[in-house]
Amino acid sequence: GGAAEPPPRLVLDLERLTQVPSEKAGPLQRYAATIQSQRGDYNGKILSIRQDDLRTLAVIYDQSPSILTEQLISWGVLNPDARRAVREEDA
Ligand code: C2E
Ligand code: C2E
Ligand code: C2E
């Protein structure tokens with residue numbers, strides 16, 4: 001709480017996501033596909049997700065949110081500005 005700026009948008013690059021080997025990206029690919037299905041949002045090249053979804057994905061990947069964030073950024077599927085979303089949580 002008490003943040004001076006709003007949290008960053010979390011934006012997945014769905015085209016890059018298809019290029020990451022599925023043994024790494026499989027859980028995220030399924031999660032993103034579920035959100036697309038729930039929204040009826042099938043045509044986008046990118047997908048905006050909730051802050052809470054990053055926490056859920058960290059549980060799925062058995063990583064801290066900040067380490068998962070770095071992995072997703074290194075794969076090119078998450079915007080680097082997303083680092084700000086986890087900075088305060090890792091203290
Ligand atoms: P819900 O959470 O009950 O949201 C119902 C509707 O409220 C959504 O319908 C959407 O029109 C709107 N809504 C809720 N939160 C937001 C938000 O942060 N931004 C925007 N722009 N609209 C919001 P929609 O999109 O058809 O989604 C249906 C259901 O699918 C949602 O019900 C939720 O259960 C799930 N869902 C959709 N997108 C996400 C997501 O990114 N993450 C998660 N965890 N669930 C999602
Ligand atoms: P933005 O957030 O910078 O998004 C730019 C474009 O990225 C969007 O253009 C859309 O083509 C794509 N995009 C972003 N997130 C998603 C996603 O979850 N699914 C899909 N299919 N495409 C996505 P668009 O739709 O013309 O929107 C232009 C701008 O309008 C957005 O810029 C944003 O500032 C605003 N906007 C659109 N939808 C929402 C919304 O649900 N909530 C809020 N707060 N702003 C929205
Ligand atoms: P956004 O639409 O610009 O919403 C920004 C923030 O406003 C959301 O961050 C959330 O904290 C709040 N918000 C917006 N609409 C609602 C709502 O109906 N109910 C509640 N409880 N809060 C709302 P958040 O959750 O991190 O979501 C980030 C972005 O992810 C949203 O930006 C939107 O682009 C997308 N998104 C998240 N959930 C949904 C959803 O259910 N449906 C759709 N279509 N887009 C969603």
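Modeller: A word on terms before we start: helices (H or I, at least four residues) and strands (E, at least two) are DSSP runs, numbered from the N terminus. This is a predicted model, in which local features need pLDDT of at least 70 and side-chain atom pairs count only at pLDDT 80 or more, whereas totals for chains, interfaces and linings use all residues. Residues are numbered from 1 along each chain as its sequence is written, and chains are lettered from A and ligands numbered from 1 in the order in which they are written.

Colleague: Where is the place of T18, then?

Modeller: T18 belongs to helix α1, residues 14-19.

Colleague: Does T18 count as buried or exposed?

Modeller: T18 counts as exposed because it has 11 C-beta neighbours inside 10 Å. The cut-offs are 20 or more other C-beta atoms within 10 Å for buried, 12 or fewer for exposed, and partly exposed in between, with C-beta atoms placed from the backbone.

Colleague: What separates the C-alpha atoms of T18 and Q29?

Modeller: A distance of 7.8 Å, although T18 and Q29 are eleven residues apart along the chain. Y42, by comparison, is 24 residues from T18 in sequence and 14 Å from it in space, C-alpha to C-alpha. Y42 sits in the loop between α2 (22-39) and β2 (46-49) and counts as exposed, with 8 C-beta neighbours inside 10 Å.

Colleague: At what angle do α3 and α4 pack?

Modeller: The angle is about 90°, and the axes are 9 Å apart. Axes are lines fitted to C-alpha atoms, for helices over the stretch in contact, with angles from 0 to 180 degrees between N-to-C directions. The two helices α3 and α4 are therefore roughly perpendicular, a label for 65 to 115 degrees. From α3, the contact uses L54, R55, L57, A58 and Y61, and from α4, P65, L68 and T69; contact requires C-beta atoms, placed from the backbone, within 7 Å.

Colleague: What about D62, where is its place?

Modeller: D62 lies in the loop between α3 and α4. Its phi is positive, about 55°, although D62 is not a glycine. Most residues other than glycine have a negative phi. D62 is exposed, with 8 other C-beta atoms within 10 Å.

Colleague: Which residues have the most contacts inside the largest nonpolar core?

Modeller: L10, L54, V77, L78 and A85 do, in a core of 13 residues. Such a core is a set of buried Ala, Val, Leu, Ile, Met, Phe, Trp, Tyr and Cys residues joined through C-beta atoms within 7 Å. Leaving aside neighbours within four places in sequence, A85 is in contact with P7, P8, L10, Q51 and L54.

Colleague: With what is V86 in contact, on that basis of leaving aside neighbours within four places in sequence?

Modeller: V86 is in contact with L54, P65, S66 and T69. V86 lies in helix α5 and counts as buried, with 22 C-beta neighbours inside 10 Å.

Key:
Two residues are in contact if their C-beta atoms, placed from the backbone, lie within 7 Å. Angles under 35 degrees count as roughly parallel, over 145 as roughly antiparallel, 65 to 115 as roughly perpendicular and the rest as oblique.
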